[in-house]
Amino acid sequence: QVQLVESGGGLVQPGGSLRLSCAASRSLFSIYPMGWYRQAPGKQRELVVVVTRGGSTNYADSVKGRFTISRDIAKNTVYLQMNSLKPEDTAVYYCNGGGVGVWGQGTQVTVSS
């Protein structure tokens with residue numbers, strides 16, 4: 001059973017940046033598509049971005065131009081670079097391995113002054 005472990009969350013001021021990491025316990029090739037989702041208090045979990053094995057990406061409109069997904073295949077790790085953060089980005093961020101239906105435990109991101 002593959003495991004996904006997120007890290008990198010925290011408290012940041014509006015306009016700041018954070019980079020989240022999602023480390024997989026085995027090769028990403030068997031886990032694609034990989035995605036980041038988020039869930040704010042009282043709201044449903046929503047897609048942030050997904051990346052396919054071929055590198056195609058699909059971003060939510062609310063994060064386009066501010067967030068970037070990348071991957072290090074040698075490290076079995078997917079990253080989410082988040083810039084120009086806004087208070088409405090506050091949520092628990094989850095990594096998802098769509099190919100195997102696995103979720104990470106989540107990491108809290110709080111954007112506040």
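Are C22 and C95 buried or exposed? In this predicted model, C22 is buried, and C95 is buried as well. The two residues form a disulfide, with 2.0 Å between their sulfur atoms. A disulfide is a covalent bond between the sulfur atoms of two cysteines. The link between C22 and C95 joins distant parts of the chain: C22 belongs to strand β3 (residues 18–24) and C95 to strand β9 (residues 91–97), 73 residues apart. The angle about the S-S bond is -80°, and the link of C22 and C95 is left-handed. The disulfide count for the model is one.

Strand β3, which carries C22, also takes part in a sheet. This is an open sheet of four strands in the order β1-β3-β8-β7, and the pairing is antiparallel. The edge strands are β1 (4–7) and β7 (67–72), each of which pairs on one side only. From one strand to the next, the twist averages 15°. Strands of a sheet pair through backbone hydrogen bonds, either parallel or antiparallel. Between β1 and β3 there are four bridges, in the antiparallel sense.

The aromatic residues come next. A pair of aromatic rings is described by the distance of the centres and the angle of the planes. The whole structure holds three aromatic pairs. One of them is Y37 with W103: the ring centres are 5.0 Å apart and the planes stand at 65°, so the pair is edge-to-face, the cut-off being over 60 degrees. This pair also links distant parts of the chain, with Y37 in strand β4 (residues 34–39) and W103 in strand β10 (residues 102–103), 66 residues apart. W103 forms an edge-to-face pair with Y94 too, at 6.4 Å centre to centre and 90° between the planes.

Y94, with a relative accessible area of 14%, is buried, because buried means under 20%.

Two arginines lie over tyrosine rings. R45 lies over the face of Y94, 3.7 Å from the ring centre; Y94 is the tyrosine that pairs with W103. R19 lies over the face of Y79, at 4.2 Å from the ring centre.

Key
Residues numbered from 1 in each chain as written. Predicted model: local features only at pLDDT ≥ 70, side-chain atom pairs only at ≥ 80, totals over all residues. Heavy atoms only, no water. Disulfide = S-S within 2.5 Å. Helix = DSSP H or I, 4+ residues; strand = E, 2+ residues; numbered from the N terminus. Buried < 20%, exposed > 50% of the residue type's maximum accessible area, 1.4 Å probe, protein only. Pairing = 2+ DSSP bridges. Axes fitted to C-alpha atoms, helices over the stretch in contact; angles between N-to-C directions. Phe/Tyr/Trp six-rings, centres within 6.5 Å; stacked < 30°, edge-to-face > 60°. Lys NZ or Arg CZ within 6 Å of the ring centre and 35° of its normal.
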